[in-house]
Amino acid sequence: MVVNYILSSGLWIGVLVSGYLIFLRLFLMTEETKQHWMVIFGLSVSTGIVVWSIPLLGSALLGIYNGKAFGIAGYVSSCILLIKYKKYIPSISKLKLNISTIVLILGLMVVAVIVIGFPNESLMGGRDEGVYANSAIYIANHGDIHPQYPEGFKTLPFNGTFLPGFYSTPGEITVQFSQLLPVWLAHAYNSFGLSGLLGLNGVLCIISLLVFFGILERNVSRNLAVLGTFILGLSASQIWLSRVTLTEIFTQLMLLSGLYIFEISYKNNVPRAAIFAGILFGFTCFIRIDSFMYIPLILLAHSCFRILEKEKKNNEIWLNLYLSLFLVSTFALIYYYLFSNPYFTDLLPQLKLIGYLIVGALLVHVIIKYIKPIFKFRKTIFYSLVILLVLMFSYAHLIRPNIQPFILYSGTGTVLDGTRTFREDSLVNLGAYLSIPIIYLFLFGVIKTIYDYLISKSSINRINLLSFIVIVGATSVYLYDPSISPDHFWAVRRFVPIIIPGVIILAIYGLDYIFKSIRHRLMRNIIFLITVLYFFNFTITNDRLIVNHRESAGYWNQIINLEKKIPDEAILVDYMQWATTTPLYAAFDKQILPVRFLEEKALVNKIHDLLISGKQVYVLTDRYHPIKILGTNAFAEEYIDLSYNIAEKVAIPLPKKIIELRFPLVLHQLNLKEEDTISFGGTTVLGIKETGMLPQEHQPNGTPFRWTNGNAKYVVPISSKPSRLKLEILNASPKGTDLEVLIGGQTVHAGHFETSTKTFDIDISHIDLGKDLSIEIRSTTWKPSEILKNNDSRILGVAIKNITIY
């Protein structure tokens, strides 16, 4: 194991060495002395990741990825490059260290401890981070991005999904998202084990902060650049996303690197650097499919350059940017179509919308000569924009969150159905993560940048127009609609790649102007100290819940213990226990038969076939919501108490407490039985079709029961004709109930009863039955909120404890 780790780790050396030398040699060789050495380090890592991503992802697509082989390739390539380009190797003695650099290094070390030292064990299925992490482990173990069906399952009629995030496609299973992050997670897993997989995003966070510092340093004072870097690095949003296996931090690193390199390319007229900026922008599309939205913003930014820039810039810069951007993004589009087609198809409407926006942005270039004359009235435009921005910002922050009707989720059958999206609170929520002063300094920074380009004659240290348009454009889109579920920290994801960094950049830019306007040095230093203390207090307050909290700690060890209880050749029937069955399938190669995504009759028949063939079949269910499978007996093998701690999920940020989640599970082993007597009603029985039944509940003694909605129907497959039906009713309306029972459409019982508990034993021997027994239970309905004067507004029929046919 140690040897494997050492061999695989060579790739990381290759990333740094090749990235550094290619970055300097091909793109910025004439500029390296003008960049801060820490920023060069960050950009070198970005470059190396891009370079090595091509063979890394390519090998996984071909099913031949091998961690040790890539590690050896990293060692060998590093030696060759260092020998060939040894004159470019930096001397440590020449690295400049001043007070601000030392403070930055120490601060980044603190951030590194927080984000790398306390990673979330984000491997449970059912949410995106679990899909990324478990598919990464599959790649590490098998070298392929396409998990395989368990033996004999390929032809089963799945409904398009195998497990959440794993599509059922012909021949093999297709993972939902791009596999670029998972292949890097896989290599981190091969290099450093589970700690490497969980800690990779934390490392990418530190690299991203270096590049972020570089962007700030080019536009504001060094001290404020350091402050801004700490505000980002220690924000609760950055910490949480850096600890989970999601793509936002990876995207952030590449976007910031692209913006930084373009700024150098444009300001210093280095056209070849624009090639790499375009590659980085296109590369983000391989990481996240929504990154295609940056393309129309880049086109729009070019239009603004053409309108507002006084000096003539070399068109070769834009040509290089576009050639590399459109080439890489086109390959990304083809990648999604070929290798994640169901995901591509699901998001095709959004991709088409982005395509229309690209066409619209291109049309702006066509009509630009008609737009330019308008900008002769620059002061009028400036003051109009200022008024519009202040009004829109005030509306978004103070008025919009309080105006009804609010936007609600429409998701029939989900817990979110009918709940608020909290779209109206997007700016309020952003302020909760960054502070109210930051979001208003952001507004000031936006106005200051517009002033720089419309009114001011100086171009010194102003925000690059491409960065400005991308930041403001993306912020406008996601402040209008974050397009994500309302529980935090999860709901801050959309803001992390560019919005939160961009808001801080423009806020610090505005703050820098304010400080420069203060002529008195002592006063300026006092205000700077107060500013630092304010943000230090804000950060400590926001982060205190999670700063040293390792979310879901111990989860993985519990899964390992569960995995040992299931024989390797056994089939595990999964009844929506995705948090456990996803890693059991992808990381441990257990043979999973999912209930939720398979037609029920085919599922029951498959289980019967497996049992007849002598296969061991287990079923994993919630202990308090068990299921039965028609024609089988279930014997409890293991009682499992899965538990872990998480930050509470809240609609309004930020979470205030850590809560424990407990999942009492039971692992049953199945065997066949003859169905002389069939019982159902109070508990779900797979193989019996039903409608008109509400979710399972329990009496205080644990007895399960289910309410009807007043018209329950069952279709029960039978192998022999039953003669009697026993209906046990546990509860009903306090005002009495009219009840009718029908078999095969014929009424076998009709009457009224007053008591809440009632049992009916009905003769059905005279009814002609086919292969399926049809049962209907009709009753009068009632609402507890009206009769019992409580908050239960459900429309109920009768509560069924059990139905037995025999």
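In the predicted model, lysine 448 is located in helix α19. Its relative accessibility is 13%, so lysine 448 counts as buried, the cut-off for that class being under 20%. Apart from neighbours within four places in sequence, lysine 448 is in contact with Tyr509 and Tyr513.

Tyrosine 440 is also placed in helix α19. With a relative accessible area of 30%, tyrosine 440 is partly exposed. This residue belongs to a nonpolar surface patch formed by Tyr395, Leu398, Ile399, Ile403, Ile436 and Tyr440. Together these residues have about 520 Å² of accessible area. At least two residues of the patch are supplied by each of α17 (378–399) and α19 (436–454). Helix α17 provides the largest share, three residues.

Helix α19 is also among the elements that cover the buried residues of α22; the others include α8 (222–233), α9 (236–243), α18 (426–434) and α21 (499–517). The residues of α22 that are buried are Thr531, Phe535, Phe538, Thr539, Asn542 and Asp543. In an α-helix there are 3.6 residues a turn, so residues three or four places apart point the same way. Helix α22 comprises 23 residues (521–543), which at 1.5 Å a residue should span 33 Å. The C-alpha atoms at its ends are 32 Å apart, in agreement with that expectation.

Strand β18 (residues 758–763) contains threonine 759. The relative accessibility of threonine 759 is 46%, so this residue counts as partly exposed, a class that lies between the 20% and 50% limits. When residues up to four places away in sequence are not counted, threonine 759 touches Lys726, Leu727 and Glu728. Between threonine 759 and leucine 730 the C-alpha to C-alpha distance is 8.5 Å, while their separation in sequence is 29 residues.

For the chain as a whole, 26 helices and 20 strands are assigned. The radius of gyration is 31 Å, close to the 28 Å given by the globule rule for 806 residues, so the chain is as compact as a globular protein of that length. Along the principal axes, the C-alpha atoms fill a box of roughly 95 × 60 × 50 Å. Of the 806 residues, 57% are buried. Among contacts with a separation of 6 or more, 76% are between residues 24 or more positions apart. The accessible surface of the chain amounts to about 34,700 Å², and carbon and sulfur atoms account for 61% of this area.

Notes. Residues numbered from 1 in each chain as written. Predicted model: local features only at pLDDT ≥ 70, side-chain atom pairs only at ≥ 80, totals over all residues. Heavy atoms only, no water. Patch = residues over 30% accessible without salt bridge, like charges linked within 9 Å, V, L, I, M, F, W, Y side chains within 5 Å. Areas by Shrake-Rupley, 256 points an atom, 1.4 Å probe, with all protein chains shown as cover. Salt bridge = Lys/Arg side-chain N within 4 Å of Asp/Glu carboxyl O. Helix = DSSP H or I, 4+ residues; strand = E, 2+ residues; numbered from the N terminus. Buried < 20%, exposed > 50% of the residue type's maximum accessible area, 1.4 Å probe, protein only. Contact = heavy atoms within 4.5 Å. Expected span 1.5 Å × (residues − 1). Rg over C-alpha atoms; globule rule 2.2 N^0.38 Å.
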